[in-house]
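Trainee: I have a new model open and would like to talk through some of its local features. Could you take me through it?

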Amino acid sequence: RYRIKPEQIECVANRFQLRDTILFDTCPSHPNCDEKTLVSPFRTMNGSCNNAHPPGHTPWGLPKTQYQRALAPVYADGVWTPRLAKDGGQLPPPRLLSLSVVRDIDVPSDSDSTFVMQYGQFIDHDMLETMESKSADGLPVPCCTDDGNFLLDEDLSHGKCIPIEIPKDDPFYSRFRQRCMQFARSAPSCRTDGRLGHVEQMNQNTHFLDL
């Protein structure tokens, strides 16, 4: 209608404040930190008031707040729809890419033990956990049938799924006649800038190490 290109959506939507929409009441409120809390030698468990921030701004490090991006997203519609290939078609299925690029070969390391991997996982999961989209009742969103096949398009109209296509000759899943791999999209987060724009993803952990 307005002939706005996907790459222009962010610029246009950013002119509108979230507080002026019905979405504002769905976002959590955050405390305004007083001087006593900010200079306290003790850190709060949920990350609130551990960093100084202007009144009304989302504090750093809180759970259920957005991740920070190094690069802008490339949504197909500029807001939410998954990105497309340069020719406008669908990107290759992730399972096909993993089978083509990552070989299932046992190659022991001469320098690193399994502890390196485990400690890396420990650090990562302590600070990061992306929240998945849920159904209206709070249950996981079904993106495939129970027997591993694709749902009908009308069953996916909510947009919370990107089911992964499994090749017919998959070396593992073909034994079970499974063609669909469950993949629910990450839950959207309220933007920390208080404006409308492209969807941001949510980290449900505190953003610091709880060692």
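**Loops, sheet and surface**

Mentor: Gladly! Let's start with Lys-64, which is placed in the loop between α2 and β1. Keep in mind as we go that this is a predicted model.

Trainee: Thanks! What is the phi of Lys-64 near?

Mentor: Lys-64 belongs to the loop between α2 and β1. This residue is something other than glycine, yet its phi is positive, near 60°.

Trainee: Where is Arg-177 found, and is it buried or exposed?

Mentor: Arg-177 sits in the loop between β2 and β3. It is not a glycine either, and its phi is positive at about 55°. The cut-off for exposed is over 50% relative accessible area. Arg-177 has 73% relative accessibility, so it counts as exposed.

Trainee: Now the sheet. In which order do the 3 strands stand?

Mentor: Take the pairs one by one. Strand β1 (residues 65-66) pairs with strand β5 (residues 200-203) in the antiparallel sense, over 2 bridges. Strand β4 (residues 188-189) also pairs with β5 in the antiparallel sense, again over 2 bridges. Together they form an open, antiparallel sheet in the order β1-β5-β4.

Trainee: Which strands stand at the edges, then?

Mentor: The order of the open sheet is β1-β5-β4. Each edge strand has a single partner strand, so one side of it is left without a neighbour in the sheet; the edge strands are β1 and β4.

Trainee: Which residues in β5 are the bridge partners of Thr-65 and Ser-189?

Mentor: Look along β5, which spans residues 200-203. Ser-189 has Glu-200 as its bridge partner there. For Thr-65, the bridge partner in β5 is Asn-203.

Trainee: What about Asp-170: is it buried or exposed?

Mentor: Asp-170 is located in the loop between β2 (164-165) and β3 (180-181). Leaving aside residues up to four places away in sequence, it touches Arg-95 and Leu-99. Buried means under 20% relative accessible area. The value for Asp-170 is 0%, so this residue is buried.

Trainee: How far does the backbone nitrogen of Phe-172 lie from a polar atom of the Asp-170 side chain?

Mentor: A polar contact needs a pair of N or O atoms within 3.5 Å. Between the backbone nitrogen of Phe-172 and a polar atom of the Asp-170 side chain, the distance is 2.9 Å.

Trainee: Which side chain is joined to that of Thr-37 by a polar contact?

Mentor: Thr-37 is part of helix α2 (residues 35-38), and at 27% relative accessibility it counts as partly exposed. The polar contact, at 2.6 Å, joins the side chain of Thr-37 to that of Asp-34.

Trainee: Last one: which residues make the nonpolar surface patch of about 240 Å²?

Mentor: Start with Ile-4, found in the segment before α1 (6-13). Patch residues need over 30% relative accessible area, and Ile-4 is partly exposed at 37%. The patch is made by Ile-4, Val-12 and Phe-16.

Note on methods: Residues numbered from 1 in each chain as written. Predicted model: local features only at pLDDT ≥ 70, side-chain atom pairs only at ≥ 80, totals over all residues. Heavy atoms only, no water. Pairing = 2+ DSSP bridges. Helix = DSSP H or I, 4+ residues; strand = E, 2+ residues; numbered from the N terminus. Buried < 20%, exposed > 50% of the residue type's maximum accessible area, 1.4 Å probe, protein only. Polar contact = N/O pair within 3.5 Å; in protein donor to acceptor, adjacent residues only side chain to side chain. Contact = heavy atoms within 4.5 Å. Patch = residues over 30% accessible without salt bridge, like charges linked within 9 Å, V, L, I, M, F, W, Y side chains within 5 Å. Areas by Shrake-Rupley, 256 points an atom, 1.4 Å probe, with all protein chains shown as cover. Salt bridge = Lys/Arg side-chain N within 4 Å of Asp/Glu carboxyl O.
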